[in-house]
4 protein chains.
Amino acid sequence: MIRVGVAGATGYAGAELVRILAGHPNVELSVVTSRQYANQRFDRIYPALAGAVDLECAEHTVENLCERTDVVFLALPHKISMSVAPDILKNGQKVIDLSADFRFQNVDAYERHYQAHTATDLLATAVYGLCEIYRNDIRGAKLIGNPGCYPTSVLLPLVPLIQNGLVDPVSLIADSKSGVSGAGRSPSLTTLYGEVTESFKAYKVAEHRHNPEMNEVLSRAAGKSVKITFVPHLVPMSRGMLSTIYASLNNGVGGDDIRSCLERHYKDQPFIRLRSDDRLPDTRFVRGTNFCDIGFRVDKASRRLIIMSAIDNLVKGAAGQAVQNMNIMLGMDETAGLDQTPYPL
Amino acid sequence: MIRVGVAGATGYAGAELVRILAGHPNVELSVVTSRQYANQRFDRIYPALAGAVDLECAEHTVENLCERTDVVFLALPHKISMSVAPDILKNGQKVIDLSADFRFQNVDAYERHYQAHTATDLLATAVYGLCEIYRNDIRGAKLIGNPGCYPTSVLLPLVPLIQNGLVDPVSLIADSKSGVSGAGRSPSLTTLYGEVTESFKAYKVAEHRHNPEMNEVLSRAAGKSVKITFVPHLVPMSRGMLSTIYASLNNGVGGDDIRSCLERHYKDQPFIRLRSDDRLPDTRFVRGTNFCDIGFRVDKASRRLIIMSAIDNLVKGAAGQAVQNMNIMLGMDETAGLDQTPYPL
Amino acid sequence: MIRVGVAGATGYAGAELVRILAGHPNVELSVVTSRQYANQRFDRIYPALAGAVDLECAEHTVENLCERTDVVFLALPHKISMSVAPDILKNGQKVIDLSADFRFQNVDAYERHYQAHTATDLLATAVYGLCEIYRNDIRGAKLIGNPGCYPTSVLLPLVPLIQNGLVDPVSLIADSKSGVSGAGRSPSLTTLYGEVTESFKAYKVAEHRHNPEMNEVLSRAAGKSVKITFVPHLVPMSRGMLSTIYASLNNGVGGDDIRSCLERHYKDQPFIRLRSDDRLPDTRFVRGTNFCDIGFRVDKASRRLIIMSAIDNLVKGAAGQAVQNMNIMLGMDETAGLDQTPYPL
Amino acid sequence: MIRVGVAGATGYAGAELVRILAGHPNVELSVVTSRQYANQRFDRIYPALAGAVDLECAEHTVENLCERTDVVFLALPHKISMSVAPDILKNGQKVIDLSADFRFQNVDAYERHYQAHTATDLLATAVYGLCEIYRNDIRGAKLIGNPGCYPTSVLLPLVPLIQNGLVDPVSLIADSKSGVSGAGRSPSLTTLYGEVTESFKAYKVAEHRHNPEMNEVLSRAAGKSVKITFVPHLVPMSRGMLSTIYASLNNGVGGDDIRSCLERHYKDQPFIRLRSDDRLPDTRFVRGTNFCDIGFRVDKASRRLIIMSAIDNLVKGAAGQAVQNMNIMLGMDETAGLDQTPYPL
């Protein structure tokens, strides 16, 4: 049994990690830490898990995280992750970080959109944990920067198309829509029920911090600088994310080429579902799962490709992909702990 | 492996059965039938289950249901169940019926609130599948009348208290609230999104058909006729049911007696969670699970006991309890297929 | 034109006051104060009102509230109201207070459930502003304690029945359900979207502070001490409140007596709608209005009366009733500013 | 007083017309017809309007619609509108049609996306009722084709920019999101609560019938054929629509030019609100109103203009704009009946 710890276990992504790890057949969940709820039972904070998780939250310290663990998940805010990751790595644990701190290869980009980086020496060895794209690099990694939710939904369909030169990198637009849980569990006016229900709006238009994260990975795929236009929106729902992606087809490229490219890359991937019938991706179909559902259409008049990509922002967009990364790192079955039958409704 | 069939698999309760059975370690899901979607792939109707269920819906016939099955679940409307159950039983399969057709021992009560009963000879052998109360009877049963959702949420906390004479049977009131999925998947004005959202209302006040079902079981527990006042309400949510139950404490009875009675009956029951701390039952905590969460308070001024009981109407209130019944009937682990870790959110 | 001020205008009840007063034909909205948003434009905080309200929020001071006003509405937290009301009254303005500070005649009851009262000398002249019941007292009042939302929904149907001795005061139970806006606009974990959606639960069971408020008014109606059992619940919706009220019919009383009593009291009341057909009250039907919709059924088996009473918690349960109080106090048309056509959906 | 009739008054758009017209100061609502609810009281179908509308639904016949009316609103399905409009016009009433039947100048486009047109002789005189753009034509019109909801939200911000040559017509993309009420009140699986809540998805991608409607108006504005890429999405909310529109800025054009163009066109328009501060359009801010809120940002890296445009699909997107059209046609104050103070929440 692999012994794992979760730092920041009482945030939404942390709690989702706890759920998945508690049901993982090869894992013993040894320690969960919380800055806010130290010394309280986890199932008092999340009563849904009564009977399933019998742990008390420990204080958030490196010592607690390293005691009896082989792998540590960091579900902490940006900046706090990079303040503890070096010590945990030194102690011998592998680290999977759900913050942005280890997602960038380009320090400047990170520092421009976040803050000064205090563990730059680790960036060279950190691997961007977009599993279906960087699986080989993940296998040998000790430190994973787990991708952002928006980038996951946008990059999974786009990277193969860009790598194969099927769409024009200058034309890329991602119009993304997310449920509210992505904003986390800290009380704030903008995520109150009364402010969200019967409301739909864009936010951080063309200035969201997931934009440079996408740009870095798309540029790597294209072999040249790519800047996608990215607009996130808030949907009155708890979980789920749908990205509608617009790209101009290159000359001579048609819908069949798109389909065969995506099938070639994703046919045997357990968590990618290409819809080949008339059902388009819907966040409801991936709710609570690690799936990324992908569908597309071609607007013939404009020769634009329109991709719809749906994930659960807390699972494939955070905790699920983090566990998938662990499974790959440790050579376990990639779907271990992630194969519950999805809910029909 | 037990081979099972599901009739009416494309309704909400049927699809939930498919979900649970597809993940059940001791079960092979052999056949699913649908009157509306015969010859279509199940995962076209429920794309969430793509990759998890690789079946086509068969025509709804007794032949299809009996081919390669040991147990048949009937997720059919009232009246249709009793038209097929006799033939399936004759063929040797066990039957678990989710309709009301085999819930009543008293034919008159059934016929007064539903319609003429066409399989009355089976009623004597049918067992009311309220697992935690009638487990012994369920063990040897061949035909189960799976309880209604409202009765499940009301009876589980009340029956032990009535049996032990702790509350006055004349005083019983159940004020229940249900998510919309209980009304099923057939399109109707009252369950349209626009009619339900930002709406809360009572319906079928003191005339819901689950009322006589409760009365029959409560009367059995009390050893005399009991008539509970029952008012169901519709909540703008998809899944979940909470019953707030009012009962006058008998002389000399206090909150401690209530707690010890419930603990005595339910301490070792895997699907009953008595809250002993300050967290009250919430439908969110049982969403997608087979749990019934129970909490209570005493209003000292009036000496009224106030019980809150939460279930997922589609799981413990329908498909989950049906599978629990199968597990008990066949001597399997009672939690098999029902032990996924609950979602924190 | 009556000149009015609103203290605490950026909370939900305060903003709803601003909405109503901005459209009131006899009113000039002179000043709105905000402790949090002083010196910001009101329509930056509530962009919906851009074009309708052209005011900047003033600092919350007695001076600001008294400058160019005839009536001051206090939409402030308990305790803060009673710290400013005396000075405003001394200055000559009439005061309508939406907090609990002036709702109680019994200081002990207030102090037991809130805190020490610092303006007890005003209590004798304060009038409980339940318009349909205390209209005569309101006419001459200078200080109104505007009723709580739950008490409004429970007392309007019950008081006439109690006054006329139709139901047994010992038997009263109110099972109430409220939208989330009642919890206000201050960020808190329990009102986050993710915590509320797909969730239904009771809270403060038999210990909510609106319980003693109901008891005081019910006791006055009965001429003896009455203690109603009261359980509030949280509904995943923004606005709206439905109370389901249980009461045992006194000997010889039937449904017709209930109907004729309610019709006698409420036939000419512009904001009470008794449903006489098969449509039961629904929070959606009163959304955004000052109506209280009332319906009832009798459970013959138990001789229990079951009343359903629906209001919009922010309008008839707060701001609307406050304006109705002002209209009565000043001898204006009682419906002035409150007669917008309701939305069908 | 203008006497008006509403055909199809019990659909969502029809009921919203009834609401607005019932509160319109210059209008007498003479007749409402319903194919489904003839001879039933309107307020039994829509209990919210009890006390506000005292009419019975008449049979849907031309005779009923022409009796005692000066203007007739048709809130009927496509095809049915054009079967009654000619007779109503012959009888002397003005007609405002909310279906697509009179929106197109190009019969071929209509017939390609709808069906054979049976009143083509009327198309030459029908005016496309996009009030802020075609006000002069509307003034003298007898027959209005009231715009679709999606076109309204997309065309209002785009037409002035296209007319002024500020953006490249080849680059246009509209990613629109609508609440569920747009799908109407007829029961259907796709609009059931359980199918919509916690769900977000695109539908009719690049093949929605509002696409050719947009194309026709945009082409007129550009003076050449324009084909916008249009993708509608379904949001789990009842009312509201937000369009996010992408367009490449022409050479030399910057954000200031966009702002000044929009201000020039819309400064004195009572129902257009350009946000100049940091608050972006949100469907919640226009809920229940006839406003179209517009905001924009420029993505400098790609020189793309990103416009956000929010309306209430049932008001500015249907019934409200229809009444605005009537006001303009009859020379009344354009805001009559449409000036209720918006709700803050």
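A: Start with burial. A residue is buried if 20 or more other C-beta atoms lie within 10 Å of its own. Keep in mind that this is a predicted model.

Q: Which way do the residues of β9(C) point, and are they buried or exposed?
A: C:Thr229, C:Val231 and C:His233 point one way from β9(C). C:Phe230, C:Pro232 and C:Leu234 point the other way. All of these are buried.

Q: Which strands pair with β9(C), and in what sense?
A: Read the sense, then the bridge count. β7(C) pairs with β9(C) in the parallel sense over 6 bridges. β8(C) pairs with β9(C) in the antiparallel sense over 2 bridges.

Q: What stands opposite C:Lys177 in β9(C)?
A: C:His233 does. C:His233 is also the bridge partner of C:Ala202.

Q: Now an interface. How many residues of chain C are in contact with chain B?
A: The size of an interface is often given as the accessible area lost when the parts come together. Here we count residues instead. On chain C there are 38, in contact with 38 residues of chain B.

Q: Which elements give two or more residues to that side of chain C?
A: They are β7 (173-178), β8 (201-202), β9 (229-234), β10 (241-248), α11 (283-286), β12 (292-299) and β13 (304-311) of chain C. So β9 of chain C, the strand we began with, is one of the elements listed by the DSSP numbering.

Q: How does that side of chain C divide by class?
A: It has 18 nonpolar, 8 polar and 12 charged residues.

Q: What rotation superposes chain C on chain B?
A: For a pair of copies, read the turn, the shift and the RMSD. Chain C goes onto chain B by a rotation of 180°, with 0.0 Å of shift along the axis and an RMSD of 0.0 Å. In chain C, the C-alpha nearest the axis belongs to C:Pro236, 3.2 Å away from it. The same surface serves both copies, since 100% of the contact residues of chain C recur in chain B.

Q: Why does the radius of gyration of chain A agree with a compact globule?
A: Compare the value with what the chain length predicts. A compact globule of 345 residues would have a radius of gyration near 20 Å, and chain A has 19 Å, so the two agree. Of the 345 residues, 62% count as buried. Take contacts between residues at least 6 apart in sequence: 70% of them join residues at least 24 apart.

Q: Which domains does the assignment of chain A give?
A: Domain 1 (2-125) and domain 2 (150-313). Their C-alpha centres lie 27 Å apart. The contact takes 10 residues from domain 1 and 7 residues from domain 2. On the domain 1 side, the classes are 5 nonpolar, 4 polar and 1 charged.

Q: Why is β12 of chain A called largely enclosed?
A: Count its buried residues. They are 6 of the 8 residues in 292-299, so the strand is largely enclosed by the rest of the structure. Strand β11 (residues 272-274) runs parallel to β12(A), joined by 3 bridges. There, A:Leu274 has A:Ile294 as its bridge partner.

Q: How many bridges pair β12(A) with β13?
A: There are 7, in the antiparallel sense. One of the pairs is A:Val298 with A:Leu305. The hairpin has 4 residues between the strands, and A:Arg303 takes a positive phi near 55°.

Q: Last, a single residue. Where is B:Ala9 found?
A: In the loop between β1 (2-7) and α1 (12-22) of chain B. B:Ala9 counts as buried because it has 30 C-beta neighbours inside 10 Å. B:Thr33 is 24 residues away in sequence, yet 5.9 Å away in space, C-alpha to C-alpha. Beyond four places in sequence, the contacts of B:Ala9 include B:Thr33, B:Phe42, B:Cys57 and B:Ala75.

Conventions:
Residues are numbered from 1 along each chain as its sequence is written. Chains are lettered from A and ligands numbered from 1 in the order in which they are written. This is a predicted model: local features need pLDDT of at least 70, side-chain atom pairs count only at pLDDT 80 or more; totals for chains, interfaces and linings use all residues. Two residues are in contact if their C-beta atoms, placed from the backbone, lie within 7 Å. Ala, Val, Leu, Ile, Met, Phe, Trp, Tyr, Cys and Pro count as nonpolar, Asp, Glu, Lys and Arg as charged, and the others, Gly among them, as polar. Domain bounds come from an automatic or database domain assignment. A residue is buried if 20 or more other C-beta atoms lie within 10 Å of its own, exposed if 12 or fewer, and partly exposed in between; C-beta atoms are placed from the backbone. Two strands pair if DSSP finds at least two bridges between them. The radius of gyration is taken over C-alpha atoms; the globule rule is 2.2 Å times the number of residues to the power 0.38. Copies are superposed by least squares on the C-alpha atoms of residues with pLDDT of at least 70 in both.
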